[in-house]
Amino acid sequence: MTGNPFGLADLLGLPERARESRRLTKKDIVAQWEQAAPPDARLLTRAIASATIVGVLSPATVGAPAFQDLERRVDMIPIVEVTLVERMKPAERTRVAELLHRSMPRPSVIGLQAPDSPQLISLALTRLSRTDEGMSVVEAHLFAPFGSIDADSLHVMKLERSDLDALYRDLVRTAAADGVPASPALTAAEAVGLRQRLASLESELSAATRDAAREKSMQRRIEINTRARTLRTQISQVRSSLYREVSGESQTTDEPKVGQ
């Protein structure tokens with residue numbers, strides 16, 4: 001079995017024929033940004049410690065046919081593990097991931113690891129760029145921590161395999177719901193939208209909770225707590241739309257699960 005630094009191939013349950021181990025150099029990664037976007041090229045140079053292609057999903061490796069239309073070409077799906085440097089800001093990490101997704105004319109699966117942060121899977125719904133040949137436009141982006149995802153739920157041989165585009169969208173849909181999407185009818189775009197909405201609501205609730213604890217005015221505390229109750233109701237509604245109930249309990253926690 002091909003080794004890998006932090007388990008993206010295992011998270012995806014890649015069959016042996018889909019596994020690889022091919023190093024990407026910084027020159028490979030940065031080259032296409034040096035002229036078009038020098039600040040992005042500098043960010044990638046500074047942020048990435050190493051990168052390795054650990055697998056490829058293709059008709060030959062997973063038995064799903066290629067897909068192409070005017071917006072997308074999915075003839076293969078590269079799986080790349082990227083090790084980042086320490087002390088990166090969340091916004092920088094997000095920018096690095098989106099640049100990596102944009103740099104390929106097809107969907108990709110990217111694993112991110114840094115010494116001081118959780119392991120993340122990065123997925124993006126993309127379309128082919130009409131102005132930059134060989135690149136993609138990111139329409140929606142998702143981070144999911146490895147540790148939050150239901151065991152075996154992202155194994156590619158268990159996902160939709162009518163074609164590679166359907167496989168990737170099912171991967172996004174499932175990862176957005178931490179492995180337990182509420183309904184088979186939930187689309188990838190809907191799942192990502194719900195997860196982003198949940199992140200926003202949970203962030204707002206955390207801020208309201210902090211404000212209520214600091215507020216000295218009784219009337220103002222009442223107003224903040226009323227808003228907090230509304231937010232909790234909205235959070236519950238979004239979670240029920242995103243997550244399937246497991247063992248009689250919904251996929252909820254007191255602490256925010258979601259973040260970019």
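Serine 108 is buried, with a relative accessible area of 1% (buried means under 20%, exposed over 50% and partly exposed in between, with a 1.4 Å probe and protein chains only). The model is predicted, so that local features need pLDDT of at least 70 and side-chain atom pairs count only at pLDDT 80 or more, whereas totals for chains, interfaces and linings use all residues. Residues are numbered from 1 along each chain as its sequence is written, and side-chain values use heavy atoms, with hydrogens and water left out.

Serine 108 lies in the loop between helix H5 (90-102) and strand S6 (109-114); helices (H or I, at least four residues) and strands (E, at least two) are DSSP runs, numbered from the N terminus. Its side chain makes a polar contact of 3.0 Å with that of histidine 101. Such a contact is a pair of N or O atoms within 3.5 Å; within protein, one must be able to donate a hydrogen and the other to accept it, and residues adjacent in sequence count only if both atoms are side-chain atoms. Leaving aside neighbours within four places in sequence, serine 108 is in contact (heavy atoms within 4.5 Å) with Ile77, Pro78, His101, Ser122, Leu123 and Tyr168.

Strand S6 belongs to an open sheet of six strands with mixed pairing, in the order S1-S2-S5-S6-S7-S8. The edge strands, each pairing on one side only, are S1 (19-24) and S8. On average, neighbouring strands of this sheet are turned by 25° against each other, direction ignored. Two strands pair if DSSP finds at least two bridges between them. S5 and S6 run parallel and are joined by five bridges, with threonine 83 opposite glutamine 113 in S6. S6 and strand S7 (residues 117-128) run antiparallel, joined by four bridges, and a hairpin connects them through two residues. Within this pair, isoleucine 110 stands opposite serine 122 in S7. Nine bridges link S7 to the antiparallel strand S8 (residues 136-145), where valine 137 is the bridge partner of arginine 127.

In helix H3 (residues 38-47), the residues Asp40, Ala41, Leu43, Leu44 and Ala47 are buried. These residues are on the same side of H3, because they cover an arc of only 160° around the axis, taken from the directions from the helix axis to the C-beta atoms. Pro39 and Arg42, on the other side of H3, are exposed. The buried residues of H3 pack against helix H2 (26-30), strand S2 (48-57), strand S5 (77-84) and H5.

The count of salt bridges comes to 16, a salt bridge being a side-chain nitrogen of Lys or Arg within 4 Å of a carboxyl oxygen of Asp or Glu. Glutamate 204 forms one with arginine 227, the closest N and O atoms being 2.6 Å apart. This pair links distant parts of the chain, with glutamate 204 in helix H7 and arginine 227 in helix H8 (residues 218-242), 23 residues apart. Glutamate 204 is partly exposed at 33% relative accessibility, and arginine 227 is partly exposed at 34%. Arginine 214 and aspartate 211 also meet in a salt bridge (3.0 Å, N to O); both lie in helix H7, three residues apart, about one turn of the helix. Arginine 214 is exposed at 57% relative accessibility, while aspartate 211 is partly exposed at 34%. Salt bridges that share partners join Asp69, Arg72, Asp165 and Arg169 into one network.

Notes
Axes fitted to C-alpha atoms, helices over the stretch in contact; angles between N-to-C directions.
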